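Work through the exercises below with the sequence and the structure at hand. Try each task before reading its solution.

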Amino acid sequence: MKKISILGSTGSIGTQTLDIVAHDPERYKVVGLTAGANVELVIEQAKQFKPAIVSVASKTDADAIRPQLPAGTRVVYGEEGLIEVAAGTDADTVVTAIVGSRGLPATLAAINAGKTIGLANKETLVTAGHIVMERAKQRNVSILPIDSEHSAIFQCLNGENRQSIKQITLTASGGSFRDRSREQLEGVTVAEALNHPNWAMGAKITIDSATMVNKGLEVIEARWLFDVTYDQIDVIIHPESIIHSYVEFSDNSIIAQLGLPDMRVPIQYALSYPERNATPTNRLNLAEIGKLHFREMDFDRYPCLRLAFECGRQGQSAPAVFNAANEVAVARFLKGEITFLDIERILETVVSRHQASDLNDLQMIAEVDAWARRLAESV
Ligand SMILES: NC(=O)C1=CN([C@@H]2O[C@H](COP(=O)(O)OP(=O)(O)OC[C@H]3O[C@@H](n4cnc5c(N)ncnc54)[C@H](OP(=O)(O)O)[C@@H]3O)[C@@H](O)[C@H]2O)C=CC1
Ligand SMILES: CC(=O)[C@@H](O)[C@H](O)COP(=O)(O)O
Ligand SMILES: [Mn+2]
């Protein structure tokens, strides 16, 4: 039986991970859960899955939920609580499903403790890819991608010689506004932006998908996970999200991974790797679908993707600044403080005012992250 802790169990990835666990209770046991604001849901989850430890955002929440949890459940809170759940249990695998770079310290703590990482939280790799990957190598820890594109690539590379990779191509749905011109983006609403054509996901990633920042983060994530150069990474628009990504090899052969857009497949693969287990998902029927479509990426239509490539190529602190500015801009858009197009204006302003420098530790990362956030709040 595999023991699992989930950081961010109340979110889209967190709840789908629990769905996989509930589908296979003989194979998986939950030992730790963490929530942010949604204490009602984490209470329900704790009653159903009986983890040894639960973390919530604040001491007030921790004190309030303690009497409602199964007897013996440890309740912790805050940043230290997250780290305790990430590193202080007998979990084999820690699923990182918190949104944003705030997940970084707990992810590193889990790696330090020798836990296998099921990585959904792409912002951690964008912010500190060099530190995370180096630490994982030192500790001989596997980082198994949950992000659908990276799970696809990981599956395409199974048994392949990494030296034979010619090109990795990430597929992008195009997001909520894929059929609109840039002029038609003026005045779009939050509700429209949250209406993703293919995937039901948390609010932040859904907005990132619409701006194409999500694909930018994924380009940087792929650079670290698969140790390839930015020249080896390409993005193509594929509106159906059936081909989740593909790899071209030195002999011009291409291997792709396909499936219906359902995150429970890549989650299951990360939990069961190197085995494959059944999932409670629907099967793909290509004859029923009939046609799949592809379009070349238009970097003028999606300037945030161009900026992400530039930040990735620049390296050092540039990706961390790009990520932090984006987290603030998206939060401001979701609160109705700025327009959709202001997100990219903020990103461009913050990135252009940043002088990239080396990031050697968490303290330096925290400082540059805070600088970018302050500027993104004030633009
Ligand atoms: N959703 C998807 O299909 C995919 C998501 N990802 C990545 O996975 C990660 C999670 O995404 P998703 O599940 O959509 O996001 P959600 O917004 O649905 O969930 C985020 C989770 O993080 C928790 N959280 C938020 N703020 C805090 C905080 N301050 N302290 C502690 N916990 C906090 C939330 O808790 P609460 O709700 O209790 O406040 C929730 O459990 C992201 O990095 C995303 O990019 C990658 C590929 C696909
Ligand atoms: C499900 C998943 O992995 C998301 O990151 C998804 O890729 C978002 O879709 P697009 O960014 O392609 O619109
Ligand atoms: Mn993805």
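**Exercise 1.** Why does ligand 1 lie between domain 1 and domain 2?

Solution. This is a predicted model.
Step 1. Collect the shell of the ligand. Ligand 1 is surrounded by 27 residues, and the closest are G11, G36, N38, M201 and G202. Two or more residues each come from α1 (12-23), α6 (122-138) and α9 (203-211).
Step 2. Compare the shell with the domain bounds. Both domain 1 and domain 2 give residues to the shell around ligand 1, so the ligand lies between them.
Step 3. Sort the shell by class: around ligand 1 there are 13 nonpolar, 9 polar and 5 charged residues.

**Exercise 2.** Describe the side of domain 1 that touches domain 2.

Solution. 
Step 1. Count the contacts. Domain 1 puts 25 residues in contact with 23 residues of domain 2.
Step 2. Name the elements. On the side of domain 1 that touches domain 2, two or more residues each come from β1 (2-7), α1, α6 and β7 (143-145). The largest share, 7 residues, is that of α1.
Step 3. Sort by class: this side of domain 1 has 11 nonpolar, 8 polar and 6 charged residues.

**Exercise 3.** Which residues does UniProt list for "binding site", and are E149 and E218 buried or exposed?

Solution. 
Step 1. Read the record. An unreviewed UniProt entry lists D147, E149 and E218 for "binding site". These residues span 72 residues in sequence, yet no two of their C-alpha atoms are more than 8.4 Å apart, so they gather at one spot.
Step 2. Take E149, which has its place in helix α7. E149 has 28 other C-beta atoms within 10 Å, and 20 or more make a residue buried, so E149 is buried.
Step 3. Take E218, which lies in helix α10. E218 has 29 C-beta neighbours inside 10 Å and therefore counts as buried.
Step 4. Check the contacts, leaving aside neighbours within four places in sequence. E149 is in contact with L170, T171, E218, H244 and S245. E218 is in contact with K122, D147, E149 and L170.

**Exercise 4.** How many residues of α7 are buried, and which elements do the buried residues pack against?

Solution. 
Step 1. Count: 9 of the 9 residues of α7 are buried, and the helix is mostly covered.
Step 2. Name some of the buried residues; among them are H150, I153, F154 and C156.
Step 3. Find the partners. The buried residues of α7 pack against β7, β8, α10, β10, β11 (254-258) and α11 (264-272).

**Exercise 5.** In which sense, parallel or antiparallel, does β8 pair with β10 and with β9?

Solution. 
Step 1. Take β8 (residues 165-172) with β10 (residues 243-249): the two strands pair in the antiparallel sense over 5 bridges. Opposite L170 stands S245 in β10.
Step 2. Take β8 with β9 (residues 233-237): these strands run parallel and are joined by 5 bridges. The bridge partner of A172 in β9 is I237.

**Exercise 6.** Where is I43 found, and what does I43 touch?

Solution. 
Step 1. I43 has 19 other C-beta atoms within 10 Å and is partly exposed.
Step 2. List the contacts: not counting residues up to four places away in sequence, I43 touches I65, Q68 and L69.
Step 3. I43 and A109 are 66 residues apart in sequence, and their C-alpha atoms are 25 Å apart in space.

Technical notes: Residues numbered from 1 in each chain as written. Chains lettered and ligands numbered in written order. Predicted model: local features only at pLDDT ≥ 70, side-chain atom pairs only at ≥ 80, totals over all residues. Near = placed C-beta within 6 Å. Helix = DSSP H or I, 4+ residues; strand = E, 2+ residues; numbered from the N terminus. Nonpolar A, V, L, I, M, F, W, Y, C, P; charged D, E, K, R; others polar. Domains from an automatic or database assignment. Contact = placed C-beta atoms within 7 Å. Pairing = 2+ DSSP bridges. UniProt positions renumbered as here; feature names shortened; annotations may be inferred. Buried ≥ 20, exposed ≤ 12 C-beta atoms within 10 Å, placed from the backbone.
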